[in-house]
Amino acid sequence: MALRPTTLLAMILSTVTGVALGILGYDRWRDQLIDRNELARFESALFHVRQNYVEEVSDDQLMEGALHGMLANLDPHSGYLGQAAYQDLQAETSGHFGGIGLEVGLIDGFFTVVTPIDDTPAARAGLMAGDRLVKVDGETLRGQTLISVIGQLRGKPGTRVQVRYQAKRDQVFRDLTLKRETIAIASVSSRLLEPGYGYVRIAQFQATTGSDFQRALKSLSAGGKEPLQGLVLDLRNNPGGVLQASVAVADALLDDGLIVYTAGRLPSSRLKYRAAHRDALAGAPVVVLINGGSASASEIVAGALKDHERATLMGETTYGKGSVQSVVPLTDERAIKLTTAYYYTPNGRSIHKLGIEPHVAFADNGDANFDDALLTAALDELKTESATTAPLQAQR
């Protein structure tokens, strides 16, 4: 039997109230009840949709739509996670999901590539940070939410998706047909650039990234027997991930001090993260590579190392995502992703919509040898700094 509008309204408010109770606590929620005139306006709209819309709409559709609209109106990073989106988020955190390997953000009103993930269909096809997505499978993206666009790009491995985009470099519109794959993100990879100088790339911050980073450093130093004289930490096109993982990486390169702090409306959102371990490199110089695809957790690491004068940042200004999202389950299969705080670097700088500037600007000019040139410059910087830090390392 169909529900009356007032009954459906009560269901929606019950769900919303349950979320608020979990975040705010009953006393605070009680003082922030929505004005009854606003409730009447919502109820009236709901009634007319139920009675007059050209096709019959299920109560489940109305519930989903109401929650989608409420969260999407807050900011590009908040949203309602239906069953599929919630599963995708859980899979992404573990580092495995079906898709084409794009991190997408809403920039200046356009769904824009933040970064193509390494060795994925999107990266191999030549999609680059700054490219603007226009259509997916022939459907315009105008008016859609970020979560819905990401949902369209993802899907079962082996299926195909058509993408129309406007390239950042020449503003030309192009069409691609890509086959989805299982995107298995290797969070940390490493190698020696030459004896004594290591290179570590972090593609995304996952739950195990901190421990993976420590193992990489140990491996590069032959199990600790041959201390590194310098390290290149590559955070380019790293869209972020788990905040605690970024704290662990920064902690591995600092002796002490504040790494990052968060501030929001609630006491539970006001947190401080400090270094708790010894510097694994014993003061050996570090160069951090960044660009416009370095976002969120990447910026936490870059900002902390910059403020503590622990590393030289080289490359381009970062993306500028300085907000923290909390995932609040509504049921076992659905949740909301809600911006609950902004984070700040140790010196109290918010980088939200500003980004972090490098010490040494090194812009990608499209040259096929750009990576080699950047790594050569980073290695030269390490050797120059290593000459001055060697006496300090010897003392330790």
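Student: Why does Thr312 count as buried?

Tutor: Keep in mind that this is a predicted model. Thr312 has a relative accessibility of 11%, and buried means under 20%, so Thr312 gets the label buried.

Student: Where is Thr312, and what is it in contact with?

Tutor: Thr312 lies in strand 16. Leaving aside neighbours within four places in sequence, Thr312 is in contact with Val286, Val287, Val288, His359, Val360, Glu381 and Glu385. Take Val288: it is 24 residues from Thr312 along the chain, and the two C-alpha atoms are separated by 6.1 Å.

Student: What makes Glu309 exposed?

Tutor: The cut-off for exposed is over 50%. Glu309 has a relative accessible area of 73%, so it counts as exposed. Glu309 sits in the loop between helix 10 and strand 16, and its phi is positive, about 55 degrees, although Glu309 is not a glycine.

Student: And what makes Asp108 exposed?

Tutor: The relative accessible area of Asp108 is 66%, and the label needs over 50%, so Asp108 is exposed too. Asp108 is found in the loop between strand 3 (102-107) and strand 4 (110-116). Its phi is near 55 degrees, a positive value in a residue other than glycine.

Student: Why is helix 3 called oblique to helix 4?

Tutor: The axes of helix 3 (residues 36-52) and helix 4 (residues 59-72) cross at roughly 140 degrees and come within 12 Å. Roughly antiparallel would need over 145 degrees and roughly perpendicular runs from 65 to 115, so helix 3 is oblique to helix 4. Helix 3 also passes helix 4 in a right-handed crossing. In this contact, Phe42, Leu46, Val49 and Arg50 of helix 3 meet Asp59, Leu62 and Ala66 of helix 4. These residues divide into five nonpolar, no polar and two charged.

Student: Which residues of the largest nonpolar core touch the most other members?

Tutor: Val200, Phe213, Leu233, Ile259 and Val288 do, out of 41 residues in that core. Elements giving two or more residues to this core include strand 11 (197-202), helix 8 (209-220) and helix 9. Helix 10 supplies the largest share, six residues. Apart from this core lies another one, of 19 residues, among them Leu133, Leu146, Val161 and Leu176.

Student: What is Ile259 in contact with, leaving aside its neighbours within four places in sequence?

Tutor: Its partners include Val247, Ala250, Leu254, Tyr273, Ile300 and Ala304.

Technical notes
Residues are numbered from 1 along each chain as its sequence is written. This is a predicted model: local features need pLDDT of at least 70, side-chain atom pairs count only at pLDDT 80 or more; totals for chains, interfaces and linings use all residues. Side-chain values use heavy atoms; hydrogens and water are left out. Helices (H or I, at least four residues) and strands (E, at least two) are DSSP runs, numbered from the N terminus. Buried means under 20% relative accessible area, exposed over 50%, partly exposed in between (1.4 Å probe, protein chains only). A nonpolar core is a set of buried Ala, Val, Leu, Ile, Met, Phe, Trp, Tyr and Cys residues joined through side-chain atoms within 4.5 Å. Contact means heavy atoms within 4.5 Å. Axes are lines fitted to C-alpha atoms, for helices over the stretch in contact, and angles run from 0 to 180 degrees between N-to-C directions. Angles under 35 degrees count as roughly parallel, over 145 as roughly antiparallel, 65 to 115 as roughly perpendicular and the rest as oblique. A crossing is left-handed if the near helix is turned anticlockwise from the far one by less than a right angle, and right-handed if clockwise. Ala, Val, Leu, Ile, Met, Phe, Trp, Tyr, Cys and Pro count as nonpolar, Asp, Glu, Lys and Arg as charged, and the others, Gly among them, as polar.
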